[in-house]
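Biologist: Can you walk me through this one? I'd like to start with the charged pairs and then move to the helices.

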Amino acid sequence: MIFRPTQKLSTKIGAGTIKSLPLAENPYADWSARLFTVDRTQYLLLSNTSSLYSTVMYGKGITDSSRFIERGLSCIREFMQDDGQQFIYARFIAPASVSVRFATALDRSVTGSMNDLIHHATWWLSSGEMSPHAVGFKLNESLLTALGNGKSEPYGKPRDAFKALLSQGSFQQ
């Protein structure tokens with residue numbers, strides 16, 4: 001499994017020097033992570049690198065890489081269970097989480113899309129009416145140009161792209 005923290009997050013958790021790695025063979029086991037702050041509270045955006053399927057969690061208490069991995073995987077598992085995606089977690093993410101590596105961001109498209117998702121998350125979290133967990137559901141229904149299929153469908157939703165990964169890969173074995 002690969003986690004791709006930003007430099008800021010990498011420094012916070014003491015991940016050390018991070019190498020560049022290609023997208024994981026199993027796209028469900030490749031996640032990008034960003035730290036952001038809303039009203040002096042730290043949050044983490046965890047996004048599947050291929051589909052931008054995302055969840056948000058509190059950043060408080062995450063002081064090292066082992067806590068980041070433990071809480072990040074727990075947050076992903078809980079979110080996917082509540083979203084009806086527990087089969088995908090159990091089949092493709094849990095087995096891959098036995099070995100976790102850190103890597104740099106995959107490309108600017110992912111980074112830019114995560115910036116957009118953070119902008120939306122900041123708006124919803126600053127209202128004080130939504131939990132980080134609930135914000136994840138809203139983010140996965142957002143329209144993103146990075147997930148579009150061209151002129152006929154210029155935008156795509158992270159949740160739809162995440163579900164579509166199952167039919168796209170030869171990693172299923």
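Biologist: Is K157 buried, exposed or partly exposed?
Modeller: This is a predicted model. In it, K157 counts as partly exposed, at 29% relative accessibility.

Biologist: Which side chain does K157 meet in a salt bridge?
Modeller: That of E141, at 3.4 Å from N to O. K157 and E141 both lie in the loop between α5 (132-139) and α6, so the pair ties together parts that are 16 residues apart in sequence.

Biologist: How many salt bridges turn up in the whole structure?
Modeller: A search finds four. One of them joins the side chains of D83 and R159, at 2.9 Å, N to O.

Biologist: Where do D83 and R159 sit?
Modeller: D83 is in the loop between α2 (65-82) and α3 (86-93), and R159 is in helix α6 (residues 158-168). The pair therefore ties together parts that are 76 residues apart in sequence.

Biologist: Are those two buried or exposed?
Modeller: Both D83 and R159 are buried.

Biologist: Give me another pair. What does R77 meet?
Modeller: The side chain of E78, in a salt bridge of 3.9 Å, N to O. R77 is partly exposed, at 35% relative accessible area. E78 is partly exposed too, at 39%.

Biologist: Back to α6. Which of its residues are buried?
Modeller: P158, R159, A161, F162 and L165.

Biologist: New topic, helix packing. How do α4 and α5 cross?
Modeller: At roughly 135°, with the axes coming within 10 Å. Helix α4 covers residues 108-126. The two helices are therefore oblique to each other.

Biologist: Left-handed or right-handed?
Modeller: The crossing of α4 and α5 is right-handed.

Biologist: Which residues meet there?
Modeller: From α4, L117, H120, A121, W124 and L125. From α5, P132, V135, K138 and L139.

Biologist: How does that contact split by class?
Modeller: The contact of α4 with α5 has seven nonpolar residues, one polar and one charged.

Terms used: Residues are numbered from 1 along each chain as its sequence is written. This is a predicted model: local features need pLDDT of at least 70, side-chain atom pairs count only at pLDDT 80 or more; totals for chains, interfaces and linings use all residues. Side-chain values use heavy atoms; hydrogens and water are left out. Buried means under 20% relative accessible area, exposed over 50%, partly exposed in between (1.4 Å probe, protein chains only). Helices (H or I, at least four residues) and strands (E, at least two) are DSSP runs, numbered from the N terminus. Axes are lines fitted to C-alpha atoms, for helices over the stretch in contact, and angles run from 0 to 180 degrees between N-to-C directions. Angles under 35 degrees count as roughly parallel, over 145 as roughly antiparallel, 65 to 115 as roughly perpendicular and the rest as oblique. A crossing is left-handed if the near helix is turned anticlockwise from the far one by less than a right angle, and right-handed if clockwise. Contact means heavy atoms within 4.5 Å. Ala, Val, Leu, Ile, Met, Phe, Trp, Tyr, Cys and Pro count as nonpolar, Asp, Glu, Lys and Arg as charged, and the others, Gly among them, as polar.
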